[in-house]
Amino acid sequence: MLNNNEIITFFILVSLITGLVVFIAWIMLKLVIWGKSMSKEAYLFLAFFPLISLMPIPPPTYENVQKAKQEQRKRKEDSGDDPTNEDE
C-alpha cells in the first residue's frame, strides 16, 4: 500500500508534529514557572498580550443591530410608510 518514500514522509511529519507539541508544552511550562517567580512582570506581560493579537476584534453585535434598525427606518421613510407603526 505505501511505498518507502511515503512511509519516510509520514514518519517525518509525525516527528515534526510531535516535536512542535512538545516544544509548545515546554514553552507553556516555562511561562508558568516564570509567572510564579516574577508576578509583577508576568502581570504586565499579560496586560499587553491582547494588544499584540493578530486577529482584529469584531465590533459588538449591539452596534450592528442598531445600524440595521436605522437602515430599516430609512427604507420605510423612503417608501412612504409611517415609521411609528413598525410592528404592523
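Here are a few exercises with worked solutions on this predicted model.

Some ground rules come before we dig in. Residues are numbered from 1 along each chain as its sequence is written, and side-chain values use heavy atoms, with hydrogens and water left out. As this is a predicted model, local features need pLDDT of at least 70 and side-chain atom pairs count only at pLDDT 80 or more, while totals for chains, interfaces and linings use all residues.

**Exercise 1. Work out the fold's elements and which helix has the highest mean pLDDT.**

Step 1: Count the elements, taken as DSSP runs numbered from the N terminus (helices: H or I, at least four residues; strands: E, at least two). You get three helices and zero strands, in the order α-α-α from the N terminus on.

Step 2: Check pLDDT, the predictor's confidence in each residue, from 0 to 100. The chain averages 78, and 74% of the residues score at least 70.

**Exercise 2. Classify the ring pair of Phe-10 and Phe-11.**

Step 1: Recall that two things describe an aromatic pair: the distance of the centres and the angle of the planes.

Step 2: Rings of Phe, Tyr and Trp (its six-membered ring) pair if their centres lie within 6.5 Å; planes under 30 degrees apart are stacked, over 60 edge-to-face, the rest tilted.

Step 3: The structure holds two aromatic pairs. Phe-10 with Phe-11 has 5.6 Å centre to centre and 65° between the planes, which makes this pair edge-to-face.

**Exercise 3. How far apart are Gly-35 and Leu-46, in sequence and in space?**

Step 1: Along the sequence, Gly-35 and Leu-46 are 11 residues apart.

Step 2: In space, Gly-35 and Leu-46 are 9.6 Å apart, C-alpha to C-alpha.
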